[in-house]
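Hi,

Here is the structure I promised to pass on.

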Amino acid sequence: MQFAETTAWWALDVSAARPVIEAISRGDGPTHWVDALLAGVTIADIDENNLHFLGPAGGRARMIGQPFTDFCPPESWQVGAEFILAAVADYPPGASRSRPITSIAFRDGWAEVSTDEAHPDIVFIAVGGTVADDRSFWAVRASEERYRSLIHHLPGALLQIDSRRMTAIFDKLRDEGVTDIAPYLEGHPDLVDHSRQIVQVTDANRDALRLFGASRPEDLIGAVDFLFAESADTAKRVITAHFEGKRTHAERTKVCSFDGRIRDVEMVVTYPTPPERVDVTLISLEDITDRLRTEAQLRQLQADYTRATRISMLGELATSIAHEVNQPLSAIATNAETSLRWLARAEPNLAKVHQLTTRIAESARHASDIVQRIRNMAARRPPERVELDLNEVVEEALQFVRHEIETRSIELSVRRGRRLPTVLADRVQLQQVIVNLLLNGVQAQTGQQGLIDVSTFAALDGSVQCTIHDGGPGIANEDLGRVFGSFFSTKDEGIGIGLAICQSIITAHGGTIVAANHPRGGAIFRFALPAAGKR
């Protein structure tokens, strides 16, 4: 976009202000001399450019003879008063009659004052520079007022931030060769502290006041230090994103309200980019404290249901568990009795006793492992995600149901995929899913030629999968879409939460689980988990 050089001027009548001008030049002027001087200054004339930038509807006719302050932006009053003093009274002596200015209308602006001997009460003030915004002063002010009103009434906590002072710091760091500011901040924590002091909150809306327990915007205006009191690392990441020129930065963090409450918030920082105002960075804060608390309660409730189904499942497997524990106990008893007989001989066979004692120790460890496995399945504990070999988890799960499979004369086929990628999962929860699916498959079969087919493999999409196919009657077509629904069961004694829990566990691990009827008969369940590192 090309911006043109433009000049605009005022012609001001200062006749009514002469008494104040003389008093000021004598050194006994009023304390608020700018207001007092300008109160006597009216508009004698104005050119078309100034009329465009500062004129109201109705134009020149509404401005001639009116007070200068009715149309000049308040931020320019001081300059106008000083120019009038310099032009009319040469006060202070030798005062400059030109200077650079900052203006809404101009960039790289300048202003100068002059008089005409033929009209001693008329002062001419000219302003010029490159046009920065060709809208009128009133349009710009109205736009800014609408913007402020919008900020204050938008839902959600919003803070307006002026971070311009960071620009010079960033430029200096780049000149020193810093390209990655994150490690630099780790080694220079004082820069983070300094930044938290020089970056300023310039405005805050109503929801921001409510979040921090403030009564008025002025309570929040000032250094942003309070915003990062509970999370200094957040400040580092916000600075890093700004340095890297990102448009936005978002993260979950904590803030402390003025009355000491710690709140969890979603913070989104929106940085300005040209030609936007560089003094306006916006920070939005969404209070998610109650949401996180509710989510934690839901996770606890789900954990309780999951544990309840495990205990219920162990109850169904009580016979299998008793049989499995009884095997090492029987071996211990048999080997102990045999060992005693060898010891009771006239010449004890110590080598044989040593062999039997070794078997006793092995059987005891086996029994202990079985008990520990059962305790792990029933225990209340938080999930623990670790890298697991799915084949190992399947083998551990089979230990729970092997007796059920054998006593019902069900043919078991296990095909283990070779060199499977590991999965990131909780061992006990994954065992629970497999045991539940195996138990459903066992209970679905009532005929003489039962079948359970288990297979694991690495799929082409990068996931690790397990299928369990049973030789039962399959799933009724009308039930296929709801087998994973809560409290749905085809068994008279079933409560219908087993498969629902299986689905919630697999979903929580980032995987999927489906049910279908196998072409050769029976139901097939398949679950897929992302390989570790592939999430």
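Phe226 counts as buried, at 18% relative accessibility, where buried means under 20% relative accessible area, exposed means over 50%, and partly exposed is in between (1.4 Å probe, protein chains only). Keep in mind that this is a predicted model, where local features need pLDDT of at least 70, side-chain atom pairs count only at pLDDT 80 or more, and totals for chains, interfaces and linings use all residues. Residues are numbered from 1 along each chain as its sequence is written, and side-chain values use heavy atoms, with hydrogens and water left out.

Back to the rings. Which residue forms an aromatic pair with Phe226? Phe212 does, and the pair is edge-to-face, with 5.2 Å centre to centre and 85° between the planes. For the term itself: rings of Phe, Tyr and Trp (its six-membered ring) pair if their centres lie within 6.5 Å, and planes under 30 degrees apart count as stacked, over 60 as edge-to-face and the rest as tilted. Phe212 lies in helix H9 (residues 206-212) and Phe226 in the loop between strand E8 (222-223) and helix H10 (232-243), so the pair ties together parts that are 14 residues apart in sequence. Helices (H or I, at least four residues) and strands (E, at least two) are DSSP runs, numbered from the N terminus. Phe212 is buried too, with a relative accessible area of 0%.

The structure holds five aromatic pairs. One of them is Trp10 with Phe68, edge-to-face at 5.0 Å centre to centre and 80° between the planes. This pair links distant parts of the chain, 58 residues apart: Trp10 is in strand E1 (residues 5-13), and Phe68 is in the loop between helix H3 (48-54) and helix H4 (77-89).

At 22% relative accessibility, Asp207 counts as partly exposed. Its side chain is joined to that of Arg210 by a polar contact of 2.4 Å. (A polar contact is a pair of N or O atoms within 3.5 Å; within protein, one must be able to donate a hydrogen and the other to accept it, and residues adjacent in sequence count only if both atoms are side-chain atoms.) Asp207 and Gly156 are 51 residues apart along the chain, yet their C-alpha atoms are separated by 5.6 Å.

Ser257 sits in the loop between strand E9 (248-256) and strand E10 (262-270), and is buried with a relative accessible area of 4%. The side chains of Ser257 and Asp259 are joined by a polar contact of 2.3 Å.

Now for the charges. How many salt bridges does the structure hold? There are 24, a salt bridge being a side-chain nitrogen of Lys or Arg within 4 Å of a carboxyl oxygen of Asp or Glu. Here are some to click on:

- Glu82 and Arg99 meet at 2.9 Å, N to O. Glu82 is in helix H4 and Arg99 in strand E3 (residues 98-101), 17 residues apart. Glu82 is partly exposed at 24%, and Arg99 is partly exposed at 29%.
- Glu395 and Arg416 have their closest N and O atoms 2.6 Å apart. Glu395 lies in helix H14 (residues 390-407) and Arg416 in the loop between strand E13 (411-415) and strand E14 (423-426), so the pair ties together parts that are 21 residues apart in sequence.
- Arg415 and Asp453 meet at 2.8 Å, N to O. Arg415 is partly exposed at 49%, whereas Asp453 counts as buried at 11%.
- Arg252, Glu266, Glu286 and Arg291 are linked in a network of salt bridges.

Arg99 also has its charged end over the ring of Phe83, 5.3 Å from the ring's centre. A charge sits over a ring if NZ of Lys or CZ of Arg is within 6 Å of the ring centre and within 35 degrees of the ring normal.
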